[in-house]
Each structure stands twice: as structure tokens, then as C-alpha cells.
Amino acid sequence: MSTRQEMLPTRGGKRFRAARRTAAVVTAGAAVAVGAGFPLAAASPGTPGTPQAPSTIYLEDFQNVASPAPVLRLNQYTGANGQSYFADPAWLSNCNGLVTSFGQDPNAPGPTSMSDCGPVTWNGSQQIAYALGGGSANPAGNYAITAATGHDGVAVDPGAPKVEFQTGFQAGRNIALPGKNRFLLLSYDVAVEGCQAAHPFLYWNLLDTAGTPSPLGVQIDPCGSPVLHPVTVPGIGTAPGPGTIDVGTFYAGATLYAGDSAGLQLVNNQPSGGGNDHAFDNVKLMDATPQLDKSFDLSRAQPGQAVPLTFTITNTSELAAKNGWSFTDTLPLGLVVAGAAGTNCPSGVVTAPNGSSSISVTGNLDLGMASCTVTLNVTAAQDGNYTNGPGNITAVGLNPPADTTVQVVPMMSWPVGLAAAVLGSGAWLLGRRKEEVITS
Ligand SMILES: [Ca+2]
Ligand SMILES: [Ca+2]
């Protein structure tokens with residue numbers, strides 16, 4: 001542990017605003033600069049090409065606080081859903097890991113209570129919690145996890161990499177997911193100050209039931225990010241005001257995750273306590289799995305006729321990259337591939353041999369991409385109704401499609417107008433001749 005004079009509590013009225021902005025750090029798959037929170041919605045088939053919102057799996061807003069006193073540490077807090085949390089000791093000591101609000105006692109931590117924080121840094125922590133409540137009806141009542149890496153104006157190095165936030169990871173306590181092989185996306189609100197000194201370096205891991213981490217997105221540096229906006233905060237206790245603190249919503253992922261439950265772990269890779277002053281709130285894990293739709297482009301065809309079949313892979317509305325999805329469509333008995341397939345999906349590979357009943361596809365959706373398609377022709381030698389539905393699909397990282405049906409019948413059985421319409425203007429004579437046959 002090293003100590004040095006903390007920068008922030010000694011600066012003036014605008015002291016909270018980042019004094020120096022660095023280059024944007026928003027990168028593909030890590031921090032998608034889109035608007036704040038997604039509406040709750042579940043993806044469903046039927047809107048190929050039109051992204052639907054990702055669905056929320058888990059949300060922690062740190063508001064499940066029974067009383068403003070005593071001030072809790074993260075590991076003493078239980079979420080409204082019963083979720084417990086912990087962190088490395090460095091992030092549960094000094095003015096770190098506090099469940100903080102502006103509305104709490106400005107003198108709360110003192111010699112007899114939380115003596116490793118102290119009012120100078122505590123009051124600054126209250127302001128940063130207020131900033132994260134900016135825009136709400138009661139920002140003073142907003143609780144957030146604050147991390148000032150210091151106490152009473154003195155910086156304390158946490159070391160790195162250290163876990164700053166973690167859900168319980170034992171089997172049965174992980175967050176239940178809608179299923180296996182989902183694309184997971186996380187958003188969280190971050191307030192940051194002291195960006196003239198050391199920056200927080202934040203990254204997320206998903207934890208399996210054994211506690212083994214796998215990356216969810218990549219490391220971000222919130223300082224200087226274009227998603228930040230200043231929020232005016234009032235003074236409190238030893239902390240003067242009004243000043244401004246920068247706040248933004250950041251994203252991690254999307255990542256294709258094999259398991260059906262996951263823990264969440266936030267790691268800070270900044271070892272310094274000089275700066276590294278931040279807080280976070282509204283940790284939201286989302287299912288951002290793309291939707292697979294499929295459609296026969298003819299509802300009716302003759303035996304042996306080529307019927308176009310289109311698969312559409314539609315991203316969710318945040319349009320994060322979705323890399324590594326795959327599916328296999330086992331065509332209904334009697335329906336086979338007729339000709340070569342095409343796709344505009346990035347890194348798309350289609351395995352669908354001519355005459356085969358199996359269509360296998362792997363591919364990606366790039367950052368910002370709403371959808372991509374796979375097209376090929378199929379055909380049936382025999383009459384029948386051929387329904388291709390979710391039961392024909394095995395998919396990884398895709399929501400299943402709805403049914404699509406093609407009716408294969410000889411031309412003689414078609415309604416006259418439909419036959420003519422399908423054959424098109426160049427076949428009018430043929431259509432009319434059949435009409436004469438049928439009606440004579
Ligand atoms: Ca909150
Ligand atoms: Ca600090």
C-alpha cells in the first residue's frame with residue numbers, strides 16, 4: 001500500500017470535471033455508444049431485418065437499502081432479488097465498496113464508524129452517487145457503489161488486477177439465463193472523476209458455476225469516453241459545490257456464452273489510488289441473442305420447382321457484434337437443396353450440398369449491423385405441405401424461427417388466378433389455356 005495526497009478533494013468549484021480528456025476508447029464488442037437503458041422486451045420471430053430490444057436478465061440498482069444508516073459495504077448489501085456480493089479486500093476498505101447516497105449523513109463515517117474512510121472522501125463519494133442519479137426524480141436518494149481509492153483526502157493504492165464487484169458464484173446462486181448458448185450483453189452506469197490522474201481500467205468477466213472467469217467484452221477506460229456527460233452536483237459537508245461529475249452508460253459484450261447460468265465479476269486493472277475515483281450503478285445483464293427467421297419465398301410450387309428459402313439473422317437493437325452463431329436446418333422429409341447457397345453474413349459459411357436435406361450455417365453480425373441473410377433454393381419431387389419450423393433447427397446463439405410452409409402441388413390443382421400470377425406475365429397464355437382446361 002502506498003499513500004499520496006489525493007487530488008480531488010483539494011480542487012475548486014469545477015474540480016469534479018475531468019480536466020483532461022483522452023482519446024475515445026469505445027471499441028467493437030466492448031463499449032457500444034448507444035443510448036441509455038433498453039426497454040424490456042423479448043425477441044420473437046416475425047420481424048426479419050427489424051432489430052428487437054435485448055431482454056433484461058438481471059438488474060442491480062443498489063436501491064435495496066433498508067435505512068440510510070449505517071452505511072453498508074458492498075459485501076453487506078443484498079439485492080432485491082436476494083443476490084449477495086463481494087469484492088477483493090482492497091475494494092472493501094478505505095472509501096471503496098460503499099453503498100453510498102447523497103441523502104446519507106455527511107458525517108456518517110467517522111472515528112467510531114468506518115474509520116478507514118473519513119468525511120472528506122466520503123462527502124465526495126456522496127456527490128458521485130448523486131451524479132449517477134442525475135436525471136431521476138430524486139438523485140439524492142440514489143445509491144451507487146463508490147470507489148474513491150482513498151480516505152480523508154489521502155490516496156490508497158488498491159493494486160491490480162483486483163475484483164471490485166462480484167456476484168455469488170456458487171452453484172445455485174449464479175444468475176439464471178434463459179438457456180444455454182446465449183449472447184450476453186452487460187450495461188452499467190459509471191461516474192468518473194480525477195481523470196487528470198490515474199484512470200480506472202474496468203473489465204467484466206462471466207463466471208461459471210466453478211467460478212472460472214471468461215471475458216465479457218474488453219477493458220475500458222471511462223475517462224474521456226464520448227458517452228460521458230456532465231451532471232451538476234451540489235456541495236455537501238466538506239465537499240464544495242456545485243460542480244460537475246461525468247457520467248455515462250457503458251457496455252460489455254456481446255459474448256456468446258455456453259452455460260445456462262452466470263456470475264458477474266467487475267475487475268479494475270488500475271493499481272493506483274491517485275485518481276482512479278469512480279462509482280457504478282445499474283448493472284444490467286441482457287440477453288442480446290439475434291433472431292433467426294426463415295421463409296419460403298413461394299407459398300405454393302410445383303413438384304421439381306425451385307423454391308427460394310431465405311434465412312434472416314436479425315441483430316438486437318443495440319447492434320453489438322455477434323460473432324460465432326451457427327445453426328443447422330434439417331429440411332422436412334422430401335425437401336432437398338437445389339443449387340448453390342449465398343450469404344452476406346460476415347465470415348458466413350454455408351454447408352448445403354445439392355440434393356441434401358441439411359443446411360448448416362456459421363457466421364457473424366458485425367458491430368452496427370442490423371441483419372444478414374442466407375439464401376438458397378430447395379425443391380420437392382412429391383406433392384405435399386412442407387412445413388419448416390423451429391423443430392427443424394438446432395441453433396447456437398440464435399433464437400429459433402417460426403414455421404414457414406410451402407405447398408407443393410401439380411399446376412392443375414392450383415386456383416386459376418394464383419397459377420397465372422405465379423407464372424407471371426410471360427406465362428399468361430399457359431395460364432389461360434389451363435383455365436380453359438379446368439373450366440371446360
Ligand atoms: Ca442506484
Ligand atoms: Ca483516488
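**Rings, a metal site and a helix**

Modeller: Going by the pairing rule, there are 13 aromatic pairs here. The rule says that rings of Phe, Tyr and Trp (its six-membered ring) pair if their centres lie within 6.5 Å; planes under 30 degrees apart are stacked, over 60 edge-to-face, and the rest tilted. This is a predicted model, where local features need pLDDT of at least 70 and side-chain atom pairs count only at pLDDT 80 or more, while totals for chains, interfaces and linings use all residues. Side-chain values use heavy atoms, with hydrogens and water left out, residues are numbered from 1 along each chain as its sequence is written, and chains are lettered from A and ligands numbered from 1 in the order in which they are written.

Biologist: How do I read a pair of rings?

Modeller: A pair is described by the distance of the centres and the angle of the planes. Take phenylalanine 62 and phenylalanine 280: they sit 6.1 Å centre to centre with 75° between the planes, an edge-to-face pair. Phenylalanine 62 is in the loop between strand S2 (55–60) and strand S3 (72–73), and phenylalanine 280 is in strand S17 (residues 277–287), so the pair links parts 218 residues apart. Strands (E, at least two residues) and helices (H or I, at least four) are DSSP runs, numbered from the N terminus.

Biologist: Is phenylalanine 62 buried or exposed?

Modeller: Buried, at 0% relative accessibility. Buried means under 20% relative accessible area, exposed over 50%, and partly exposed in between (1.4 Å probe, protein chains only). Phenylalanine 280 is buried too, at 2%. Both belong to one aromatic cluster, whose members include Tyr188 and Trp204.

Biologist: Which protein atoms hold the calcium ion (ligand 1) as donors?

Modeller: Donors are N, O and S atoms within 2.8 Å of the metal (3.2 Å for Na, K and Ca); water is not among the atoms, so sites may look incomplete. Here they are Asp61 (O), Gln63 (OE1), Asn142 (OD1), Tyr143 (O), Asp281 (OD) and Asp281 (OD), 2.3 to 2.7 Å from the ion. Among these residues, asparagine 142 is buried at 10%, and tyrosine 143 is buried at 9%.

Biologist: And what about helix H1, how many of its residues are buried?

Modeller: 12 of the 14 residues in H1 are buried, so call the helix mostly covered. Among them are Trp122, Ile128 and Leu132.
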